[in-house]
Amino acid sequence: MTPDLEGRVVIVTGARGGIGAAVADAAQSAGAKVIAADISADADHRLDVTSGESWRSLVSGLDQVDGLVNAAGITHRARITELDADDLSRVMDVNAMGAVHGMQAALPLMPVGAGIVNICSLAGLTAHYAAAYTASKWALRGLSRVASMELGPRGIRVNTVFPGFIETPMTASASDAFRRANIAAAPVGRPGQPEEVAALCCWLLSDAASYVNGAEITVDGGIAAHAGAKFISDALRS
């Protein structure tokens, strides 16, 4: 069943590719007026998520914001022994503080019943090897929990989605070994598609999820559920 977002204004960041693009398309198909924002020069609405001024410019022409999906993100695959302070700061600025800027900018325009969805990652649930990316996603997870507590009394819900290995331009830049390992770890035995994440995001923005606040939902083919124990099950089966 397609969620009903008819007449709602929804901001989606990172909307030029991957999960962000899929969310923008799905929200529009569900009836929303979508503000598809991205740092790309050819974006419908150009936005630097790390800049409060850029965010204020984005919302300045809007009367209301019913939904916000913070999907913009970057990766950095250095291990902790190789991590540079500047790289950590850059990744945190985009992946964590970018969502904070978005929530702060949209909040004055959000009515009761509005929803925010922050796109996290399985790296926000585990000790993922990419240190800066992992730190940023754990930060976003914590910030989302705080926001759900603080904004709930205002009738604004904040939920967090944790994608696993989804076929996007970001994961396409990873090694074949990374792809194979993720598929092997997923009980469903395949990568996910951006549209599968987008469907959940649109549901979370809809009235169907009106009592869902502070939720942390994985879209990962079951990786998080077995907490690394799948290899034991596979070994016993073979």
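Reply: Let's start where the side chains of arginine 141 and glutamate 216 meet in a salt bridge, 2.9 Å from N to O. The two partners come from distant parts of the chain, with arginine 141 in helix α4 and glutamate 216 in strand β7, 75 residues apart. By salt bridge I mean a side-chain nitrogen of Lys or Arg within 4 Å of a carboxyl oxygen of Asp or Glu. Helices (H or I, at least four residues) and strands (E, at least two) are DSSP runs, numbered from the N terminus.

Before going on, bear in mind that this is a predicted model: local features need pLDDT of at least 70, side-chain atom pairs count only at pLDDT 80 or more, and totals for chains, interfaces and linings use all residues. Residues are numbered from 1 along each chain as its sequence is written, and side-chain values use heavy atoms, with hydrogens and water left out.

How covered are the two partners? Arginine 141 counts as buried at 16% relative accessibility, while glutamate 216 is partly exposed at 26%. The cut-offs are under 20% relative accessible area for buried, over 50% for exposed, and partly exposed in between (1.4 Å probe, protein chains only).

Lysine 137 is buried yet has no salt bridge; glutamate 216 is its nearest side chain of opposite charge, and that is 13 Å away. Here Lys and Arg count as positive and Asp and Glu as negative, with His and the chain ends not counted. Leaving out residues up to four places away in sequence, lysine 137 touches Asn95, Ile119, Cys120, Ser121, Ala123 and Gly124, where contact means heavy atoms within 4.5 Å.

Stepping back, the structure holds eight salt bridges. One of them joins the side chains of arginine 8 and aspartate 207 (2.8 Å, N to O). Arginine 8 lies in the segment before β1 (9-12) and aspartate 207 in the loop between α7 (194-205) and β7 (216-219), so this pair ties together parts 199 residues apart in sequence. Arginine 8 is buried at 16% relative accessibility, whereas aspartate 207 is exposed at 52%.

Lysine 230 counts as buried at 18%, and aspartate 234 as partly exposed at 29%.

As for the whole chain, there are nine helices and seven strands. Its radius of gyration is 17 Å, close to the 18 Å that the globule rule gives for 238 residues, so the chain is as compact as a globular protein of that length. That radius is taken over C-alpha atoms, and the rule is 2.2 Å times the number of residues to the power 0.38. Buried residues make up 48% of the 238. Of the contacts with a separation of 6 or more, 73% come from residues 24 or more positions apart.
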